[in-house]
Amino acid sequence: MTTPLLEVKNLAKVFKQDGFEINAVRDFSVSVKKGDCLAIVGESGSGKSTIANMILGVHPPTSGEIHFKGKPLSPRRRKNERRVLQLVQQNPYSSINPSRRIGATLKLPLKVHGIGSSQDRPGRVEELLAEVGLPASYARRAPSTLSGGQCQRVAIARALASQPELIVLDEPTSALDVLVQARVLILLQELQSKRDLTYIFITHDLAVVRNMADRVAVMRDGQLLELNPTGKIFENPDHNYTRSLISASPVITKKEIKLREKLKAGLVRER
Amino acid sequence: MKNLTLEIIRLSLTFEGLMETNQVLHEISLNIAPKEKVALVGESGSGKSVTARLILGLLQSRAKTKIQGAIRFEGQEFGWITEKERDQLRGTRMSMIFQDPVSALNPVYNIETQFHEVLRRKYPLITRRQVRKEAIKILEDVHIVHPERVLKSFPFQLSGGMNQRVMIAMGLINKPTLLIADEPGTALDVTVQDQTLHLMQEMVAKRETSVFLISHNLGVVREFSDRLYVIYQGRIVEEGKTEDVFADPRHPYTKALLAAVPGITSGNTIADVINDTSAFRAPKEVH
């Protein structure tokens, strides 16, 4: 058996505040194969972003281990460990420096990680922009002149700049309109197959999960309730909470209504 | 003829800048009958929220704003009444609930004080005791378990879902004839959003209120509204009964919108979105 790209074992996080202890994440274990997309879903406060932050090295875990390619990741990450794990956040307007031109934003990771010589970099920036479907002239633009969808493309290009192997997508499309969301999701799928990327997709939108993820982890109150392939989650979930999450999401076609009714019926029966 | 709750006739809105003018609404017409739930669907920047602000009468007195066409609320022409009369309509005959309840409520007053403020618009001489009685009654209606405790709380002490309930209760306490809901609950989780919609449905049915729902979420619109209008770049491109539009979308923009929504059934992949938007300017389709 090949070693998984990312393996998380018994991860826990306790935040201490004013003498209170908050168990943000309890005993979370998962392994992700290369090229897979794992979705983490749950309500706000369920601990999904805390998991992402621990994987990225923003907070050290209280207990538990994170292995990347079979080797444990240290709580204080070395530069190369930071390079291979990248993040795309929810709101592109606040995650991109507004006073820096797009070109400079994309050049920074190249500089930090010493990718290419300084003469090559403008060319690399152009390539990155082309990869996310933006014209090369955008390198000279300021973020404020871009629309939300274009800005999110820049955020994706910035994550790609350091040639990562795993990207954490923290609600990457929930601030966008449906049409723009569809375009960004298609872009993410294309990039995944082209660059053989692994995604950890954090969201509360189950319809997006259905179309993007290979496996889904359902979280509530810091606990992992269910970890199953996407097909099983939507057809025959193990947990009642998963059922109630799916039956709460608004849908538009008759086929979807049927599926939801089926899951709702299961919900009542198990009670 | 039945008296419509709201009637908008060929309404245009233009913002005048220093160098250029920017027309954001192009002769839109829509109407809402009593007890009807009508949705306005469109992407950001399509003119949804300015339409709501115009109905509330919040843009009329702004300089550099040119408004053409007519808004009639319960048969009363907006152009003919004074600013003061418009102000008296807000919070009494029409009210609004917002996207994010936590930021819409005032963080420095407790819930009871905020209810007092709302009730005072309709009953200027209301006593604190009557406020408490009325507020407890309506909070029970929105399924809040300990209304007394909630009344003493500040918005930041309550969860997002609780705040949402409080806001719905405040919006409906003066029994308005029209409730404007701007993306209600979209800032919250799916489960809370679902509860919000059901609660709104229940409350407006009981109180016979008309609802004008503004949303970009087609799923929410399908579940909530009786009739809908699709707006694209300040123009209404399709209108009809909700089920008709979803069963048979006719305008290229509506079709693209529906195709772009990711589904929860298998084999329902995200369709390639048309990048050519010129077809979206096609004339309006009416069901």
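Trainee: Start with chain A. What does the domain assignment give?
Mentor: This is a predicted model. For chain A, the assignment gives domain 1 (6-228) and domain 2 (239-271).

Trainee: How far apart do the C-alpha centres of those two domains of chain A lie?
Mentor: The centres are 29 Å apart.

Trainee: And how many residues are in contact there?
Mentor: Domain 1 of chain A puts 7 residues against 6 residues of domain 2 of chain A. On the domain 1 side, α8 (206-212), β9 (215-220) and β10 (223-229) of chain A each give at least two residues. That side has 5 nonpolar residues, 2 charged and no polar ones.

Trainee: Now helices. At what angle do α4 and α5 of chain A pack?
Mentor: About 110°. Helix α4 covers residues 102-112 of chain A, helix α5 covers 121-131, and their axes are 10 Å apart. That angle makes α4(A) roughly perpendicular to α5(A). The crossing is right-handed.

Trainee: Which residues meet there?
Mentor: From α4(A), look for A:G103, A:L106, A:K107 and A:L110. From α5(A), look for A:R121, A:R124, A:V125 and A:L128. By class, this contact has 4 nonpolar, 1 polar and 3 charged residues.

Trainee: What about α6 and α7 of chain A, at what angle do they cross?
Mentor: Roughly 20°, with the axes coming within 10 Å. Helix α6 is residues 148-161 of chain A and helix α7 is residues 178-195.

Trainee: Why are α6(A) and α7(A) called roughly parallel?
Mentor: Angles under 35 degrees count as roughly parallel, so α6(A) and α7(A) get that label. Their crossing is right-handed.

Trainee: And which residues do they use?
Mentor: A:G148, A:G149, A:Q152, A:R153 and A:I156 of α6(A) meet A:V180, A:R183, A:V184 and A:L187 of α7(A). The contact divides into 4 nonpolar, 3 polar and 2 charged residues.

Trainee: Switch to chain B. How do α4 and α5 of chain B cross?
Mentor: At roughly 100°, and the axes come within 10 Å. In chain B, α4 is residues 111-122 and α5 is residues 128-141. So α4(B) is roughly perpendicular to α5(B).

Trainee: Who touches whom?
Mentor: α4(B) brings B:E112, B:F115, B:H116 and B:L119. They meet B:R128, B:V131, B:R132, B:E134 and B:A135 in α5(B). That contact has 4 nonpolar, 1 polar and 4 charged residues.

Trainee: Next, the two chains together. How many residues does the contact take from each chain?
Mentor: It takes 28 residues from chain B and 29 residues from chain A. On the chain B side, α8 (190-207), α9 (218-224) and α11 (252-260) each supply at least two. The largest share, 5 residues, comes from α9(B). By class, the chain B side has 13 nonpolar, 9 polar and 6 charged residues.

Trainee: What scores does the predictor give the complex?
Mentor: An ipTM of 0.75 and a pTM of 0.84.

Trainee: Which element of chain A has the lowest mean pLDDT?
Mentor: Helix α11 (residues 254-270) of chain A, at 78. Strand β3 (residues 37-41) of chain A has the highest, 95.

How values were computed:
Residues numbered from 1 in each chain as written. Chains lettered and ligands numbered in written order. Predicted model: local features only at pLDDT ≥ 70, side-chain atom pairs only at ≥ 80, totals over all residues. Contact = placed C-beta atoms within 7 Å. Helix = DSSP H or I, 4+ residues; strand = E, 2+ residues; numbered from the N terminus. Nonpolar A, V, L, I, M, F, W, Y, C, P; charged D, E, K, R; others polar. Domains from an automatic or database assignment. Axes fitted to C-alpha atoms, helices over the stretch in contact; angles between N-to-C directions. Parallel < 35°, antiparallel > 145°, perpendicular 65-115°, else oblique. Left-handed = near helix turned anticlockwise from the far one by under 90°. pLDDT = per-residue confidence, 0-100.
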